[in-house]
Every structure is written in structure tokens, then in C-alpha cells.
Amino acid sequence: MSEMKRRDFMKASGALALASIIPGSLRAAISSESNILPELEIELRAVKGRIALLKGRQTEVLRYQGRVITGDTKSLIAMPNSYLGPTLRFRRGQRVRIHFINELDVPSIIHWHGLHVPADMDGHPRYAVQPGERYHYDFEVRNRAGTYWYHPHPAGLTAAQIYQGLAGVLLIEDEDEQALLLPRGEYDLPLVIQDRRIDSNNQFQYIGSGMASMMDRMRGFLGDRVLVNGHLNYITKVAARPYRLRLINASNARIYKLALKNGQPLTVIGTDGGLLAKPASVPYVTLAPAQRTEVWLDFSHYLVGENIELYSEPFGGEMEMMGGGMKCGGKMGSGKSNGGMMAGPSNGDALPVMRFQVAEKQAMTSSSTAINLPETLSRIRKPEITNAVNANSPRRFALTMQRMRWGINGREFSMMAVANDEKVRQDTTEVWEFDNTVSGGMMGAMAHPMHIHDVQFQVLSRHHDDKYANGNKELAAGFLDQGWRDTVLVMPGERVRILVKFEDYTGLYLYHCHNLEHAAMGMMRNYRIS
Ligand code: C2O
Ligand code: CU
Ligand code: CU
């Protein structure tokens, strides 16, 4: 079906979305995709709004608002007093239908980050709808239980729209995960972490003009204040018991090195694609843009009234200068200097993130959720490298910088373009290598969080060039490569190999750097499954 026809068709089937009153046979005739009644039908609108973030003038934002049309009303819960969109809760195997209505004055489309869905349900920029138009999604939830998120993906506008507030949490549950009795309900906390620059009028400040703005584009836009779930200086009251914390980095370009100020290690139970096989104790969690990490945190060891602070530790090595090029305020190895001709926020800054305040003592018995962390969390059925069609000759993606623009294998995004080396076969397993040893020029090398749509993959190996020892040393203990990932942080001088299987669907999907300014600049490409 041509793109235009497809869109008309989507409109038509949407007009007939009053599915419940249409006989099944007729619906089947309308669309093979929507011939199963969805168990859950929701509406999400992208709108302009205002929120009270600070005293004084309200902050102008873009936001998603939603409602449940059919199905469990708890499948969509508004994020309290926040610009963030409602938290969606899907079940594996569920059939969902989502009506997206664009009430902005610019094109938009929603992408379900981390979800395995047909190509025309994935929110590729080619499906962006104009102001006043809608797009209808209809898919089966096939992912493992876990923490995902949704955000806009229109060409050239993604970074600004997410920055202005368009993003939301998407949780998936399944039977295996529910049987574990992990903390749930009010003890299961999604924590969306974002950084912003806020001007003296209380407005989110994005890329301006001039020399500084060029650096903001090249490096990625960094804020100097951290918001959690849309709040500055976020404090959440907790009971003296274990919690499931779902950390989501929805920042444009900031990498966090999340740790507890009191020095206690963090117990990680999940990553982008769901639960780990077993819990892992780490000194800190490295959370690159778009990544998620789930942490089990037991507050029963703390006193009532105690404050437990989560912060981002300082680090260096995210950006490596070569040949003494221009300084951009980036940390160069030591993680201490903030010099350079354009001082400003840097990746690697120490930043407060949020605090937990222990509010009540709770009896440790009589609870429907486990008080002890299960030793085994899930079964991870890894694809076998021996099944890969190219085990010894990885498909290589060089992360490049040419003529002051980021790219992949020297190419930039173009709406429908797919090069020969970007074509894969359905039902095959491949080794891909992201090679960050070649980028250079004035910017030196930077860390790139590389994301692939439609899949969850396994990280096979990291090879590190000794020239750039710092970055890896300072962040590696928090990488958590053992879990499923859809986004992997590739440090300067590093070659990261991943194992990825392309199943079920064919078509055009994106892969890109999730530093949103890098992606906007061109560090994004299509790949085709056929
Ligand atoms: Cu969060 Cu193209 O993705
Ligand atoms: Cu994605
Ligand atoms: Cu990048």
C-alpha cells in the first residue's frame, strides 16, 4: 500500500473505530489488522499546555493527554501535576488500539520506544500527521514485562518536542513477572529523569542562536537542573519497605551516573527489555539517554525521617578531545575541570536528582508483595551467536563526524533511504558492531547511545582503545550489559558488538543515536527487514 493510501486507509478505519457496534464480518472486511476487537482502546492527544513548575509565571509545555475508551481504566494513569503524559500499562498478549490526535501546530507522531510492533505502528517519521490529523495504532503487545516509554518522532522536530514535554511511561506486565510478587501498586515507582535549562521567565530554554547554540547541537543539549517525573527537587515519601524503582532517562543528551549519596550499592533487577535473570549489585547505574534500569531498593534499613539522596556522580571521558581542539566545557578525563571557552552544563557534572524520605515504619509481614528479593527473576533466552548469519564478520556501523555533522558510516538520515548494507533478512540473527574509533575532527570523540527500533538485543563485547581509557573506567561498572537492551552506550574509542534477531515483521525501521541533537543532525538511518 502506498504511503498516501495507507494514511487515508488509517483515517477510514479510524472513523469506523466505533468497532463495538460493527459486526465482526464487516470489520474484517475493513482491515485485517483490526479484525480482532482490542481489549484496550485509548486516545492520546498532543496538546499545548502550561504547568506551575516554579513560583511566578507558568511554564509553557507540550504534553500528552489521554483517556481510556474501552478496557481497564487503570491502563492509563495521569502523572500527577506534571507535563509528562499518562503512564500506560499494557499486558503481554493484549491487543491495543491507540488513537493519536495531533493538536499541536506542527507535525507529530508517536513512537513506542522499545516495543516490537509492525513497521507502520512504530511511529517512523514518514507517518507524521499534520496539525488536526490523527493516526491510529493497532497492535498486539509482544514484549516481555518491563519499562518502556513513548515519545514523538517527527523528522527534525523530535528533540524539541520531547524537550518541551512530550513523553510518557509505558509499562508492560506479563504472567511470569506478576508471579514474582515484586513490589507493586504504590511501591512500584516509575522515575522519569530529565534535565532542563530554565530561564528567568520560568520557561524551558532550548537551543538558541550563535556560537553557543552550535555547540549545543554538536554535543547535544544539556540542562543544568534535573527534573524527576516533571518536578524540580523531587522528594517522594516512602514506607520503610522494599520498592521497585523504574529509572527512565528521558533526557535529550545527558548521561547519568546514578548513585546513592550514602554510598550504598544499588540492586539492579531489570534493564530496557525487562527483568534480568538474577539481581546484580552495582556501585552506580550508568543511564544513557532512552535507557531504563530497574532497581530494588529496600528502605526498611533506614530510620523514619531519614532522607536518601539519589544523585548523578561526576565523571569524565564522555567526550575526548583530539589534538587539543576547541574546548566546549566538556570534561576531559579528570571529571573536574569545567574550563574551556564555552563553559556551561557538561555531561559528567555532579547533579542532585531526587530524594526519598522515609515516612513510616511498616510491619514486614502481611503483604501481597515479596519482602525478600527473589534470587531468580526471569529466564533470558538469549539468541545463540552460533546462529548468527555473520558471527565472524559483524555488520559494521562507524559513528562518524564529517563537515561538522554526525552520521553513521558517513551517511545522514534521509526519509526513505536504505543503503545496501542496511538491509537484513527476517528471521535471522546478526552481529552488529558500533564502531566509535573513527569519529573525529574538531569535536574529537563523543559517547553515543545507539538505539535500534523494533528489537531488544544482547551486548556481546566491548573493545576499548587504550588511547581513551577514561570513559570506560568511569562508567563501565554501571553498564549492565547482561540484560536486554534497545539502546547501548558506545564510549569514545569503543567498538561494541551486539547480537540481534529480526523476527515477525518486515519493513523500514530506524536505528539512531538517542542523543536527540545528534539524531536531528543526521545520526539516524533506516534499516530494512525483508
Ligand atoms: Cu526513543 Cu527512535 O527512539
Ligand atoms: Cu525506539
Ligand atoms: Cu550521538
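Here is a short chat about salt bridges and pockets in this predicted model.

Me: How many salt bridges does a search of the whole structure find?
Reply: Let's count what qualifies: a side-chain nitrogen of Lys or Arg has to sit within 4 Å of a carboxyl oxygen of Asp or Glu. Searching the whole structure that way, the total comes to 36.

Me: Which residue pairs with E103 in a salt bridge?
Reply: E103 sits in the loop between β5 (95-102) and β6 (110-113), and its partner is in strand β1 (residues 40-51), 58 residues apart. The N to O distance for the pair is 3.3 Å. E103 itself is partly exposed at 40% relative accessible area. The partner is R45.

Me: Is R254 buried or exposed?
Reply: R254 meets D195 in a salt bridge, with 3.0 Å from N to O. The pair links distant parts of the chain, with R254 in the loop between β15 (242-249) and β16 (256-260) and D195 in strand β10 (residues 188-198). The cut-off for buried is under 20% relative accessible area. R254 has a relative accessible area of 1%, so R254 is buried.

Me: And R57, what is its relative accessible area?
Reply: R57 forms a salt bridge with E60, where the closest N and O atoms are 4.0 Å apart. E60 counts as partly exposed, at 39% relative accessibility. R57 is partly exposed too, and its value is 46%.

Me: Which element gives the most to the lining of the largest pocket?
Reply: That pocket holds about 950 Å³ of space, and 35 residues line it, with R92, R142, R144, R381 and W484 the closest to its centre. Both α4 (175-179) and β32 (494-502) supply at least two lining residues each. The top contributor, with four residues, is α4.

Me: How many residues of the lining of the largest pocket are charged?
Reply: The lining draws at least three residues from each of domain 1 (3-173) and domain 3 (385-529). Sorted by type, there are 10 nonpolar and nine polar residues, and the charged ones number 16.

Me: Which domains each give at least three residues to the lining of the second largest pocket?
Reply: This pocket has about 800 Å³ of space, and of its 31 lining residues the closest to the centre are I77, T87, R89, G185 and D188. The lining splits into 12 nonpolar, eight polar and 11 charged residues. Elements that supply at least two residues each include β4 (87-91), β9 (168-173) and β14 (234-239). The domains are domain 1 (3-173) and domain 2 (185-361).

Notes: Residues numbered from 1 in each chain as written. Chains lettered and ligands numbered in written order. Predicted model: local features only at pLDDT ≥ 70, side-chain atom pairs only at ≥ 80, totals over all residues. Heavy atoms only, no water. Buried < 20%, exposed > 50% of the residue type's maximum accessible area, 1.4 Å probe, protein only. 1 Å grid on protein atoms, 1.4 Å probe; cavity = no way out; pocket = protein on both sides within 12 Å on 5 of 7 lines; lining within 4 Å. Points joined across faces, edges and corners; volume = space filled by probe spheres on them. Nonpolar A, V, L, I, M, F, W, Y, C, P; charged D, E, K, R; others polar. Domains from an automatic or database assignment.
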